[in-house]
Every structure is written in structure tokens, then in C-alpha cells.
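Keep the structure open while reading.

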Amino acid sequence: MNMKNKSPIIVVEGKTDAAIISSLYKCDVVITNGSAVSRETIDYLKRASLSHEIIVFTDPDSPGERIRSIIDQNVDNVKHAFIEKKKAIKKHKVGVAEASPQAIVEALEHLIPNYTSSNGSLSLTDVEKLGLSGSDNAVDLRNFVADYFHIGHVNCKTFLKRLNALGVTKDDLEKVINGRE
């Protein structure tokens with residue numbers, strides 16, 4: 001994690017997530033209490049983003065993606081940390097609280113800029129030509145690449161946005177895909 005002027009603020013879904021993050025890092029933690037992010041929380045994050053790094057670290061599921069989207073659309077310059085779903089499962093539950101401390105640290109070491117700040121030039125055509133969309137093994141291949149870049153498992157459109165936010169090139173993708181074989 002990088003720091004602006006002060007310690008980062010990590011946004012999580014629940015109290016258990018917050019307790020785990022607080023045990024690993026000296027930082028402020030904001031709890032959304034579910035996928036309906038309040039206007040007060042959004043306003044606070046907007047103000048805090050002027051002096052703090054804001055990191056969204058939600059569960060690898062659809063409510064977590066909804067929270068990410070709401071915050072990303074309303075708060076400038078947030079970053080995202082993603083934990084692989086397979087590393088966040090315990091006793092049939094999926095979430096940050098179910099992950100090991102090592103998996104949490106790894107996720108927070110690979111931050112992704114907000115999706116609206118595109119540094120890349122990948123197109124949907126590039127993704128299709130590389131077999132990451134429209135092919136029989138597109139989902140498996142896309143998941144492999146998503147794990148490599150720590151961007152979470154998502155549909156093709158969001159996959160493309162996240163790769164572009166990182167500035168990943170077509171050559172970068174080809175190297176990752178060819179290195180898999």
C-alpha cells in the first residue's frame with residue numbers, strides 16, 4: 001500500500017473484515033454494512049480522498065462488486081484490492097474474513113486504480129483475438145489472466161476496463177497467455 005499524506009482508508013463490508021484488516025495494518029477502516037452504500041459514507045470518502053488513499057477491499061462476490069461500482073462512480077482516485085475467490089472460502093462462506101492473513105496482504109499489495117482512469121489501449125477486439133472472449137475456454141483463460149494481474153474474476157467488459165486501468169498492453173497479455181502453456 002502506498003500512502004498519500006496520511007495512512008490509507010480501507011473500505012470493507014463488515015465488522016469482521018474490519019477487525020482482520022485492523023489487526024494487520026495501522027489504518028482507518030470504513031464499513032459499508034452491506035451493498036447499499038449510504039450517502040453519508042460516500043460523502044465521507046469523497047472528503048477523505050483529498051488527503052488519504054482510499055482502497056476498496058470487498059468480498060469476491062456480486063454484492064462486493066456492487067459496492068466497488070458505487071464507490072468507483074462517486075469517489076475520485078480510489079484504488080481496489082481483489083482477493084481470489086478460491087483464497088476467500090472457508091466453511092462454505094466467501095469473503096475477506098474467510099481469507100488467510102497472507103492472502104489479504106497479497107491482495108493489498110496489488111492495488112488497481114479506479115476503472116475510469118484508463119492508462120491502456122486494449123480493445124475488445126484485442127481480447128477476442130487472444131481468446132479471452134468468445135472462445136470455448138475464454139472464461140478459464142480470462143480467470144487465469146485475472147489472477148495473474150490480481151483484478152478479480154469478472155465479465156469481459158469489466159475485465160477490459162481493469163486491464164486498461166493498469167495500462168496492460170496486448171503484448172503483456174500475449175506474454176502472460178503464452179507463459180501459461
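## The largest nonpolar core

Which residues have the most contacts inside the largest nonpolar core? They are Leu132, Val145, Phe149, Ile151, Phe159, Leu163 and Leu173, in a core of 20 residues. The elements that give two or more residues to this core are H6, helix H7 (156-166) and helix H8 (170-180). The model is a predicted one.

## Leu173 and Phe149

Leu173 sits in helix H8. Its relative accessibility is 0%, so Leu173 counts as buried. Beyond four places in sequence, Leu173 touches Leu122, Leu130, Leu132, Val145, Phe149, Leu163 and Val168. Glu106 is another matter: 67 residues separate Leu173 from Glu106 in sequence, and their C-alpha atoms are 21 Å apart.

Phe149 is buried or exposed? Phe149 counts as buried because its relative accessibility is 16%, and the cut-off for buried is under 20%. Setting aside residues up to four places away, Phe149 touches Ile112, Leu163, Leu166, Val168, Leu173 and Val176.

## One aromatic pair

How many aromatic pairs does a search of the whole structure find? The search finds 1. Tyr148 and Phe149 form it, edge-to-face. The ring centres are 4.9 Å apart, with 80 degrees between the planes.

## The cavity

Now the empty space. Rolling a probe the size of a water molecule over the atoms shows where such space is left. A search of the whole structure finds 1 cavity of 30 Å³ or more. About 80 Å³ of space lies in the largest cavity.

Which residues line the largest cavity? The lining consists of Phe82, Ile83, Glu84, Lys87, Ala103, Glu106, Ala107, Ala146, Asp147, His150, Ile151 and Gly152. By class, the lining divides into 6 nonpolar, 2 polar and 4 charged residues. Helix H4 (101-108) and helix H6 (138-149) each supply at least two of the lining residues. H4 gives the largest share, 3 residues.

Ile151 is in the lining and is one of the residues with the most contacts inside the largest core.

Val30 lies in strand S2 (residues 28-31). At 12% relative accessibility, Val30 is buried. Leaving aside neighbours within four places in sequence, its contacts are Ile9, Ile10, Val11, Val12, Thr41, Tyr44 and Leu45. Val30 and Ile10 are 20 residues apart along the chain, with 6.2 Å between their C-alpha atoms.

Ala18 belongs to helix H1 (residues 15-24). Its relative accessibility of 10% makes Ala18 buried. Beyond four places in sequence, Ala18 is in contact with Val12, Val29 and Ile31. Asp171 is 153 residues from Ala18 along the chain, and 38 Å separates their C-alpha atoms. Val96 is in the loop between strand S6 (93-94) and H4. Val96 counts as buried, at 0% relative accessibility. Its contacts beyond four places in sequence are Asp17, Phe57, Thr58, Asp59 and Ile104. With Asp59, Val96 has a C-alpha separation of 5.4 Å across 37 residues of chain.

## Positive phi in two loops

Most residues other than glycine have a negative phi, and most peptide bonds are trans. Asn77 has a positive phi, near 60 degrees. Asn77 lies in the loop between helix H3 (62-74) and strand S4 (79-80). Its relative accessibility is 57%, so Asn77 counts as exposed.

His92 also has a positive phi, near 65 degrees. The place of His92 is the loop between strand S5 (89-90) and S6. His92 is exposed, with a relative accessible area of 83%.

Notes: Residues numbered from 1 in each chain as written. Predicted model: local features only at pLDDT ≥ 70, side-chain atom pairs only at ≥ 80, totals over all residues. Heavy atoms only, no water. 1 Å grid on protein atoms, 1.4 Å probe; cavity = no way out; pocket = protein on both sides within 12 Å on 5 of 7 lines; lining within 4 Å. Points joined across faces, edges and corners; volume = space filled by probe spheres on them. Helix = DSSP H or I, 4+ residues; strand = E, 2+ residues; numbered from the N terminus. Nonpolar A, V, L, I, M, F, W, Y, C, P; charged D, E, K, R; others polar. Core = buried A, V, L, I, M, F, W, Y, C linked by side-chain atoms within 4.5 Å. Buried < 20%, exposed > 50% of the residue type's maximum accessible area, 1.4 Å probe, protein only. Contact = heavy atoms within 4.5 Å. Phe/Tyr/Trp six-rings, centres within 6.5 Å; stacked < 30°, edge-to-face > 60°.
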